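Work through the exercises below with the sequence and the model open. Each task is followed by a solution in steps.

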Amino acid sequence: MVDLMLIKEDIKNTADVISSVLNVDVTIVDQNLIRIAGTGKYANKIGEKISLYSAFKNSLDTGESFIIENPREDKICKMCKDKNQCKEFAEVCCPIELEEKIYGVIGLIAFTQEQSDNIKNNKSQLMSFLTKMADLISSKIKVENKSYEIKIQAKRLEMLLNNMDKAVVSTDVYGNIDKYNDKFKNIFKLDDKIDKNNIFDILKFINKNEIKTVEKRYKSTSFTYKKNYYTLRGIYNTNKIIIDGDIKGYVFDFIDNSSAIENFNEITGTNYNIGFNNIIGDSLSMENVKNEARVASKTSSTVLITGESGTGKELFARAIHNNSSRCKHSFIAINCAAIPDNLLESELFGYEEGAFTGAKKGGKVGKFELANRGTIFLDEIGDMSIHLQGKLLRVLQEREVEKIGGKINIQVDVRIIAATNRDLEKMVEKGEFREDLYYRLNVIPIYIPPLRDRKEDIVLLVDNIIKDYSKKLNKNINEIEEDAIRKILDYPWPGNVRQLQNVIEYSINMSDSATIKYENLPQKIIKKNKKFKYDMNDDITTLKEVEKQEIIKALHKFKDYKKDKERACEALGISRATLYRKMKEYEIK
């Protein structure tokens, strides 16, 4: 909404006209009782705020016009604090109203008897004239309000355009530019003033004859733009502006491949925000692996993670990425064994429009491009075909990608982390895996030991898995009984952590109490008996000696842990009090 200050020059002119016609002093105030214009005695008082107990305030509040013929005696004047000092002979107030809103008041003040008589003798003509003057000011306000709204709408449109992810430009039917956002100017490296320039002259890849013949209202096309040493690739969309069946212009929007990749990175970058602290396991072997991975994360060299299925190779890959300088960019994971060979090539490297039957309009951005400045994780690399191994080797050597059907190689800055549960060295010997690619991948080798070789991590893993799955399955389970944990420790875990998760999830579902019991475990785990071997010629050791030796072994095994005694108790299956009693009995220090 506009106030009178924005049209104060018009109001001043109106006050001067009224004063010259009626030969009285004129003052005009706004809705805040600030004097906007004044003549005669009030000419030097513009900007002052008048009293809340004045006649102007009354006219503002009531929206009524009135004439005060007897100042100091009129009922309106009784509240005025300055009535005893008042030198007025008469006063007239006429509100300035527009659409039921009062914007201000026109006031006439007579300081002589002659001026007062002139007002009293021409009441009807005077009020009619003032009403017309108030309407004149109201019409000025209306025009200014409309102009103000147009300015706001224009500013909103400008901000809306500039906050779009895409570059946008609109033209008339001949291609003359009328509106565009900053991104359009920036991505095409254009000068500041391009209004009225022709879009077909600036962006020669847009074919104006083709656009006119396109039947669809909307068309998407890939483009390549070059300016000096600058090259931009992307996709543009043509939107026809159609009114009453006639084309009145076009709106073009553009998205460059870099922006598409950045948007993808933003979406995927927040997922799986895993660090080394999230990888459960504090055994010596796992601490060594974590330390190796931390060192690897500070470089850009290729990493090859090996280990049995279910050991957590992708967790380590994500932790390496999130601990690296590339963490703000994308982590793209792809399973080479899960995608057919003919599709894997297009997934990894992308393709151009029309590269093969069924290729998408505008082509496809490959995973290597999406991972630009970030990390690509190639899981099950041992299952990649020899043909694709050759293309992958080129990416590693040249740091560039060739799309299927493409004519230009695309430079990429990607850190590769590969993983496999297969023996690549044996595959190389058999000719199933390229030797040169193997050495390119195996720059920083990281081996994750199987769960059976780090059983000291199992109790910690079980505790965390119980917490996690209890929450997911909405069950109140917080512990596992000793017989069950002993059976779990006795199992060889060929499926490693993934199998352990499966077993605990099953047990939580089968449990009807707050504790996972022995009988809640899957039958496969329960029936698995550990083979006990002994020699008939060996001497018999007393139970006390066996107990003493096992306690010493447990204390020694967990001595470097923060809660060494608790770990020893868990492994031995005894309480803390029993442990201390046995240590005292056997004089173990």
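**Exercise 1.** State how much space lies in the largest pocket and which residues are closest to its centre.

Solution. The largest pocket holds about 840 Å³ of space. A pocket here is an open set of points on a 1 Å grid over the protein atoms alone, where a 1.4 Å probe fits, with protein on both sides within 12 Å along at least five of seven lines; lining residues have an atom within 4 Å of a point. The volume is the space filled by probe spheres set on the points, which are joined across faces, edges and corners. Of the 32 lining residues, Asn278, Ile279, Ile280, Leu315 and Val497 are the closest to the centre.

The model is predicted: local features need pLDDT of at least 70, side-chain atom pairs need 80 or more, and totals for chains, interfaces and linings use all residues. Numbering starts from 1 along each chain as its sequence is written, and side-chain values use heavy atoms, without hydrogens and water.

**Exercise 2.** Find which helix gives the most to the lining of the largest pocket.

Solution. Helix 16 does, with five residues. Helix 10 is among the elements that supply at least two. Helices are DSSP runs (H or I, at least four residues), numbered from the N terminus.

**Exercise 3.** Decide whether His321 is buried or exposed, and find the side chain that it joins in a polar contact.

Solution. His321 lies in helix 10 (residues 313–322). Its relative accessibility is 2%, so His321 is buried (under 20% relative accessible area; exposed is over 50%, partly exposed in between; 1.4 Å probe, protein chains only). The side chains of His321 and Thr375 are joined by a polar contact of 2.7 Å (N or O atoms within 3.5 Å, one able to donate a hydrogen and the other to accept it; residues adjacent in sequence count only if both atoms are side-chain atoms).
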